[in-house]
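Trainee: Could we go through this model together and ask what lies behind each label?
Mentor: Gladly, let us look at it first.

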Amino acid sequence: MRDVGIIGIGQTPVAEHWGRSIRDLAVEAVQAARQDAGVERVDAIYVGNMLSGELAGQENLATLVADAAGLLPVEALKVEAACASGGAALRAACLAVASGAHDYVLAVGVEKMTDLLTDGVTAALATAADADYEAGHGISFVALNAMLMRRYMHEHKARHEDFAPFSVNSHRNAARNPRAMYRHEITPEDFMASPIVSDPINILDSAGICDGAAALLVAPASEARRGRRPPVRIAASTCATDTVGLAERKDPLVWQSVADSARLAYAQAKMAPKDIDLFEVHDAFTIVSVLSLEACGFADRGSALKLAAEGRIAREGDIPICTLGGLKGRGHPVGASGAYQLVETVLQLRGEAGEAQVKGARVGMAQSVGGSGSVAITHILTV
Amino acid sequence: MELPRYHRMRRALYHLEGSACAACGGRFFPPRSVCPSCRKGDLAPYRFSGRGTLYSYTRVGQAPRGFASLAPYDVGMVRLEEGPLVTAQLSDTEGVDLAIGMPVEMVTRTLRDAAEHGYIVYGYKFRPLLRP
Ligand SMILES: [Zn+2]
């Protein structure tokens with residue numbers, strides 16, 4: 001297997017792009033990544049997307065994007081792993097280059113969510129859950145996470161305000177990211193005053209509905225070293241799975257797919273949690289950050305809230321998370337979020353994160369989670 | 001037109017029928033054809049009692065398409081007395097203070113908007129136990 005590097009990145013601002021279609025967004029990100037790399041050649045394109053059929057009425061998406069971006073007749077495939085689709089696209093690109101099948105491969109994450117009303121989006125997001133035994137009973141995606149959060153609070157005697165530091169941190173970092181959707185800081189008081197969506201989850205526990213696209217151009221590491229941008233190496237790329245139905249796990253508060261994908265990633269990179277300089281966590285809800293930090297070995301079971309309370313997740317802390325706003329602050333265009341996390345990790349490692357820069361960052365981990373912890377895709381990037 | 005879906009699920013929806021593994025004795029809901037514990041494929045239908053306790057719960061205010069006529073409604077995860085957890089809507093909760101650990105029992109109720117497909121879909125829900 002060949003070493004793989006990231007030689008170009010591109011992203012659209014995350015927003016409600018009323019005037020732009022799913023193909024417009026994908027093409028903008030693709031063109032930006034190719035321009036960033038200064039490379040014309042593309043051998044294949046993998047498009048990570050969760051809901052183009054449900055929300056944009058469009059499947060055969062990868063071919064559409066390849067055509068719109070002027071890349072015909074290259075290999076083009078859509079990759080879907082629910083909210084982890086963006087991470088899955090880089091995973092696919094990484095496999096293609098590592099195996100020697102291709103040399104220059106684009107990984108794109110794109111989602112267009114704002115063409116539908118909320119009940120349609122809520123129903124679409126629930127397709128990440130078990131259609132027969134969760135979504136078919138009117139169990140929304142928020143509801144599944146709300147039940148996890150209530151159970152966590154019960155088992156660990158936590159209060160709702162204990163979750164505030166995650167949302168406060170994401171908004172603080174988003175305020176320093178020009179492409180983020182929610183560029184305003186919030187206080188713990190704002191957090192507690194926020195309206196309930198599904199008790200105990202409130203608006204500020206949750207990442208918002210939005211549109212966006214992000215892209216990465218990958219190549220063999222030997223080529224990456226000759227590129228115009230500082231080379232970023234993919235030190236680990238892993239994927240692990242768990243039951244789709246949340247209730248079918250031995251312990252729903254243990255996110256085993258997340259733990260497994262992180263363990264495999266640490267082994268591949270020959271690293272431990274202490275070697276990670278920043279962690280792009282899949283903070284779709286505050287409870288997801290908590291369960292992910294515990295599953296990935298940054299906190300013992302029941303102690304991730306303490307990690308946040310002590311400020312260790314902040315940009316100046318020992319394990320900064322969601323450094324450009326995360327899903328909460330930057331926005332969560334679901335199938336694109338994983339690609340945004342990776343683009344942001346590259347910006348940090350290149351030292352191009354501006355006001356949001358984590359000083360001296362050399363190792364970054366990005367983790368994309370699909371469903372309620374049913375699929376996890378973890379990448380570790382290094383410079 | 002999801003009529004075939006609800007028809008093929010009728011045993012699970014009406015009788016809370018899952019599976020039991022002949023090899024390891026594991027009992028599962030929803031039904032499976034391969035045992036997730038021992039990975040063997042010798043499973044037989046198994047009907048759960050419908051009694052359990054509330055593992056967690058929440059209220060759905062923003063209903064997904066197809067459930068608007070029921071909103072707002074309570075949903076929960078129920079730890080069945082035979083072991084498995086089941087996710088379902090809760091019923092008869094008006095005036096009840098829901099709490100983790102409270103005993104619940106299965107009932108059959110309307111699961112979703114009848115207007116959507118032109119027929120009523122029935123299935124299991126759980127309500128606070130009337131006679132403990
Ligand atoms: Zn078995």
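What follows is a conversation about the terms used for this structure and the values behind them.

Mentor: A word on conventions: this is a predicted model, where local features need pLDDT of at least 70, side-chain atom pairs count only at pLDDT 80 or more, and totals for chains, interfaces and linings use all residues. Residues are numbered from 1 along each chain as its sequence is written, chains are lettered from A and ligands numbered from 1 in the order in which they are written, and side-chain values use heavy atoms, with hydrogens and water left out.

Trainee: What makes the coordinating atoms of the zinc ion donors?
Mentor: Donors are N, O and S atoms within 2.8 Å of the metal (3.2 Å for Na, K and Ca), and water is not among the atoms, so sites may look incomplete. The SG atoms of B:C21, B:C24, B:C35 and B:C38 coordinate the zinc ion at 2.3 Å, and their spacing along the chain is C-x2-C-x10-C-x2-C.

Trainee: Why is the arrangement around the zinc ion called tetrahedral?
Mentor: Four donors count as tetrahedral if all angles lie between 85 and 135 degrees; four count as square planar and six as octahedral if opposite donors are over 155 degrees apart and all others between 65 and 115, and anything else is irregular. The angles here are 103 to 119 degrees, so the arrangement is tetrahedral.

Trainee: Why is B:C24 called partly exposed, and why is B:C35 called buried?
Mentor: Buried means under 20% relative accessible area, exposed over 50%, and partly exposed in between (1.4 Å probe, protein chains only). B:C24 has 40% relative accessibility, so B:C24 is partly exposed, while B:C35, with 1%, is buried.

Trainee: Why is helix α7 of chain A described as largely enclosed?
Mentor: Helices (H or I, at least four residues) and strands (E, at least two) are DSSP runs, numbered from the N terminus. Eight of the 11 residues of α7(A), residues 164-174, are buried, so the helix is largely enclosed by the rest of the structure. Among them are A:F166, A:H171 and A:N173. The cover includes α8, α11, α12 and α13 of chain A; contact means heavy atoms within 4.5 Å.

Trainee: How do you know that β2 and β4 of chain A pair?
Mentor: Two strands pair if DSSP finds at least two bridges between them. β2(A) and β4(A) have five bridges, in the parallel sense, and A:V47 stands opposite A:V108.

Trainee: What makes β3 and β9 of chain A edge strands?
Mentor: The nine strands form an open sheet with mixed pairing, in the order β3-β2-β4-β7-β1-β8-β11-β10-β9. β3(A) and β9(A) each have a single partner strand, so one side of each is left without a neighbour in the sheet.

Trainee: Which strands of chain B form the open sheet of three?
Mentor: The order is β2-β1-β3, with antiparallel pairing. β2(B) and β3(B) stand at its edges, each with a single partner strand, so one side of each lacks a neighbour in the sheet. Five bridges link β1(B) and β3(B), with B:A20 and B:A44 as bridge partners.

Trainee: What is the area buried between chain B and chain A?
Mentor: Buried area is the accessible area (1.4 Å probe) that two parts lose on being put together, summed over both. Here it is about 2800 Å², with carbon and sulfur atoms giving 59%. B:Y55, B:R65 and B:T87 supply 21% of the area that chain B buries against chain A, more than any other three residues.
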